[in-house]
Amino acid sequence: MASDSRRQFWKRNTKVPGSLLKEGSKMYAQSKSKRASSFHEFAKSTSDAWDIGDDEEEEFVSFASQSLNSKVAMATAAQVIQNHNKLKEHPGEKIQQSQSVDETKTNGKVVKSNSEVQLSKSSGGSLGRVTLQKQQSLPSRPVIPLVARISDQNASGAPPMTIREKSRHEKFKQLLSSAHTDLEELRKYSWSGVPREVRSVTWRLLSGYLPANMERREITLQRKREEYFGFIEQYYDSRNEEHHQDTYRQIHIDIPRTNPLIPLFQQPSVQEIFERILFIWAIRHPASGYVQGINDLVTPFFVVFLSEHVEEDVENFDVTNLSEAVQRSIEADSFWCMSKLLDGIQDNYTFAQPGIQKKVKALEELISRIDEQVHIHFRKYEVEYLQFAFRWMNNLLMRELPLRCTIRLWDTYQSEPEGFSHFHLYVCAAFLIKWRKEILEEDDFQGLLMLLQNLPTIHWGNEEVGLLLAEAYRLKYMFADAPNHYRR
């Protein structure tokens with residue numbers, strides 16, 4: 001009877017989440033005018049979504065200038081001059097514009113448009129100009145904060161701090177404050193997410209960087225931080241030597257590409273920190289050296305350890321406002337925790353990247369058993385798993401998910417045995433099957449590749465990641481210890 005109920009449970013739950021998406025909703029650009037029959041043709045006609053080049057911007061400006069109606073432009077210019085003259089003649093008088101153009105009614109309230117707000121700010125002196133300049137320099141970001149606080153754990157707007165969350169928070173504090181932290185218990189509670197306030201300490205413990213014994217932690221931190229900066233003094237100057245120039249040059253090229261839309265990672269001081277971390281790691285691991293993709297793996301640790309010292313949203317935080325001692329501790333801790341992570345997946349980055357090749361093959365076999373229809377659909381249109389899943393394995397899905405989701409994902413990865421190597425395979429499988437409806441709607445090679453490389457996850461939050469992890473756990477439970485499932 002029990003076996004029958006278990007069978008019914010898995011039968012009922014074999015449908016993968018993903019049906020909640022509205023039909024026809026596609027957040028990616030595709031072109032079906034030219035059918036691409038091979039990956040080489042596809043690569044020639046597309047560019048990486050993370051590359052931000054000046055050529056595209058120039059083409060857009062050129063197109064916009066050609067498309068702009070000259071009469072509209074002249075009329076707009078005349079209106080701007082007239083408004084400017086009015087401001088000069090009557091500085092205290094506000095320019096009244098049509099409500100239908102510059103005001104919008106929202107929930108019964110009248111809200112000024114951005115153009116009028118900026119105009120009034122610009123007439124208010126230097127303070128207004130500074131604010132306006134700041135608004136223009138920062139790219140628009142999703143509504144969900146970069147690092148989810150306990151009060152906004154879910155993208156769906158769940159009520160702040162439920163009784164269950166308060167209880168979990170207290171349990172974390174109790175575990176972390178004990179003389180000898182029970183790591184198994186800490187892993188059990190961390191699997192479903194770590195509260196922001198205790199995430200930095202929890203990650204240091206789960207990664208093996210900090211000892212479970214409370215008395216030894218401070219001494220260990222001091223010793224490891226000094227050891228890291230000893231490496232800096234010993235090795236960093238060698239970046240200009242001939243046999244290290246190629247490594248340093250590649251790191252120097254990749255750093256600005258790391259999360260290019262987040263202002264935090266475009267700060268020179270942050271980029272210098274990343275350069276030091278990556279160069280020292282490459283020097284100390286000659287078997288693999290630096291490989292593109294490793295630069296992404298620093299960012300979650302850096303953000304988590306930075307948020308330990310910052311109350312506000314870290315996306316726009318100026319790191320130079322922190323003391324030098326704090327900056328050094330964040331840098332050293334990020335280095336050591338990233339090193340611990342890479343120790344478990346280093347075969348992903350050695351010559352020919354055999355670890356990734358093996359994982360992509362395992363993903364293909366797994367999908368052929370989980371959802372044969374999707375697998376056959378890929379084969380029909382000659383889509384190779386390596387063409388989209390290589391990046392999933394190389395960057396641990398960091399290019400597919402917002403950073404806030406990666407941080408939540410890593411809470412679980414650090415709680416799972418071999419989370420970054422073994423469990424990640426099942427997360428990738430669950431992630432792929434989540435989009436089965438959209439995949440099966442595509443009927444050509446180019447459309448499939450465009451979908452798989454631009455999956456619409458920008459508005460994902462902890463709730464979506466939680467569902468993904470639950471499905472991955474179900475797949476692991478069914479397949480990890482059942483090799484017969486792989487046999488046809």
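## Packing of H11 and H15

Helix H11 (residues 214-235) packs with helix H15 (residues 324-343) at an angle of about 90 degrees, the axes being 9 Å apart. Axes here are lines fitted to C-alpha atoms, for helices over the stretch in contact, and angles run from 0 to 180 degrees between N-to-C directions. Helices and strands are DSSP runs numbered from the N terminus (H or I, at least four residues, for helices; E, at least two, for strands). H11 and H15 are therefore roughly perpendicular to each other (angles under 35 degrees count as roughly parallel, over 145 as roughly antiparallel, 65 to 115 as roughly perpendicular and the rest as oblique).

On the H11 side, the contact (heavy atoms within 4.5 Å) is made by Leu221, Lys224, Arg225, Glu227, Tyr228, Phe229, Phe231 and Ile232. H15 contributes Arg328, Ser329, Glu331, Ala332, Asp333, Phe335 and Trp336. By class, this contact of H11 with H15 has eight nonpolar, one polar and six charged residues. Ala, Val, Leu, Ile, Met, Phe, Trp, Tyr, Cys and Pro count as nonpolar, Asp, Glu, Lys and Arg as charged, and the others, Gly among them, as polar.

## Basis of the model

The model is predicted: local features need pLDDT of at least 70 and side-chain atom pairs count only at pLDDT 80 or more, whereas totals for chains, interfaces and linings use all residues. Residues are numbered from 1 along each chain as its sequence is written, and side-chain values use heavy atoms, with hydrogens and water left out.

Arg168, Lys171, Phe172, Leu175 and Leu176 of H8 meet Glu185, Leu186, Tyr189 and Ser190 of H9. The classes in this contact of H8 with H9 are five nonpolar, one polar and three charged residues.

Threonine 181 lies in the loop between helix H8 (163-177) and helix H9 (183-190). At 1% relative accessibility, threonine 181 counts as buried (under 20% relative accessible area, with exposed over 50% and partly exposed in between; 1.4 Å probe, protein chains only). Leaving aside neighbours within four places in sequence, threonine 181 is in contact with Leu175, Leu176, Leu186, Leu205, Ala212 and Arg217.

Eight of the nine residues of helix H22 (residues 445-453) are buried, so H22 is largely enclosed by the rest of the structure. The buried residues are Phe445, Gln446, Gly447, Leu448, Leu449, Met450, Leu451 and Leu452.
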